[in-house]
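Here is a quick look at how two chains sit against each other. Have the structure open while you read.

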2 protein chains.
Amino acid sequence: MDTAPHGSKAAWETREQILRAALKHFANAGYAATSVQRIVGDARVSKPALYYHFRDKAGLFDALVNQAHDGRFQVVREAAARGRGIREKLVEILTALFGYFHHNRELTRIAFSTAYAAPGEVPPGLCHFDKCRRNMEFFHSLMQDAQAAGELDNRFESRDLAYGFYGLTNFYLTAHLLIPHYRLDRKAARRLADLFLAGAAAKKSVKGRKP
Amino acid sequence: MDTAPHGSKAAWETREQILRAALKHFANAGYAATSVQRIVGDARVSKPALYYHFRDKAGLFDALVNQAHDGRFQVVREAAARGRGIREKLVEILTALFGYFHHNRELTRIAFSTAYAAPGEVPPGLCHFDKCRRNMEFFHSLMQDAQAAGELDNRFESRDLAYGFYGLTNFYLTAHLLIPHYRLDRKAARRLADLFLAGAAAKKSVKGRKP
DNA sequence: CATTTTACCTACCGTTCGGTAGGTTTATGG
DNA sequence: CCATAAACCTACCGAACGGTAGGTAAAATG
């Protein structure tokens, strides 16, 4: 999709500069509303420099989107591996996602807006759908394992569990884009995992986990 | 924002035709990637006809976005009024939203993609943020009332409850855009409401509501 | 030292963009 | 029957779009 520089250090830096500027503008204005002129203007390079390093505008965008999805997926997998038991896993995942999001806000914004965008807004051939499903399937298998281990209620379908938690996760991340004062830290992660696990309904007589 | 026709029946039909075509293209390609040329071409009217009925491209888009948000909000409010008790209310809301979505797929897609879009992708001055918050606040007050009535666990913050349910709702709607074979009907609404209320964790010894 | 490849440059291409100037037809009220 | 407004039309504008042709300085390679 994009041609990497073959060795020169200056070339590598040019490429990074283009990527940085592109990330900023794509995150702020989306794909269609961002022009390559603005990118090269902000990166202080010429237009053919961009077209030397990347096949076209879509290829440049693709590189960023893949980076975003792959980074997020890796973070989730590593976090899940750290926790023992479903509750710890969910807390670790949420905490890690909140941290990743905080330090890669623009990448995350690109990932979300492309996932929810109209199909024709994003360049054709971009397979963000597969990336989303890979993420989803991981959550799905997580829930299935936890059901098999007796940690989760077997009367729910594992798909509903995966969707429910994935939706909760995504919503808090996207909400944080609009409402930045809502703190997303480990404490919030614990609250949300507990809400998901214990349910919102008032408990009649229960000595269960504290919310 | 847009000038309504003053009485002519043909004029009203022209306006509707423009709105129909615009809805189709904005939903399929987003705001920036949709050109007014394509809209007027599809609506079989001339460009000045569009600019006679609407101030500009942004005004046309604004009309559609407002229609989408207002329709959704009204549906949610009416559904909530139909249910007695928080569980019935949530089931009614989910069912009504699924139905509204099914019959207004393109409007809903516009509402979602603009809500999650990059700020610069959508025309400036579009106050979709207020529309989202109005929706959110309604859910928030719903949860607060249910907590006050002892139906929901007081140990959770009402904001977390509202966000959690809102996130679950939104995720299922957006997921349905990508995975249409996942049926969204009243049965699904009941499952999701129960998941939200009862929680995902396995019950040790509980004669609570059936999931 | 000659040659090839890398890593760009200036200048420009054809197309499409959102939007409008200015004229024309159609319904309406006096 | 004439005037006025509504409801469009054809034709066009300047600007910006994504992308490229053709040339070049510097570095790697023989």
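What follows walks through the interface and then the symmetry.

This is a predicted model, where local features need pLDDT of at least 70, side-chain atom pairs count only at pLDDT 80 or more, and totals for chains, interfaces and linings use all residues. Residues are numbered from 1 along each chain as its sequence is written, chains are lettered from A in the order written, and side-chain values use heavy atoms, with hydrogens and water left out.

Here are the interface totals, with their cut-offs.

| Item | Value |
|---|---|
| Residues in contact (heavy atoms within 4.5 Å) | 53 of chain A with 53 of chain B |
| Buried area (accessible area, 1.4 Å probe, lost on being put together, summed over both) | about 4700 Å² |
| Salt bridges (side-chain nitrogen of Lys or Arg within 4 Å of a carboxyl oxygen of Asp or Glu) | 2 |

Carbon and sulfur atoms give 65% of that buried area. On the chain A side, Tyr116(A), Tyr163(A) and Phe171(A) supply 15% of what chain A buries against chain B, more than any other three residues.

One of the salt bridges joins the side chains of Arg191(A) and Asp160(B), at 2.5 Å from N to O.

Now for the symmetry: rotating by 180 degrees, with 0.0 Å of shift along the axis, puts chain A on chain B at RMSD 0.0 Å (least squares on the C-alpha atoms of residues with pLDDT of at least 70 in both). That is the relation of a two-fold axis. Gly199(A) has the chain A C-alpha nearest the axis, 1.7 Å from it. Both copies use the same surface, and 100% of the contact residues of chain A recur in chain B.

Methods:
Buried area is the accessible area (1.4 Å probe) that two parts lose on being put together, summed over both.
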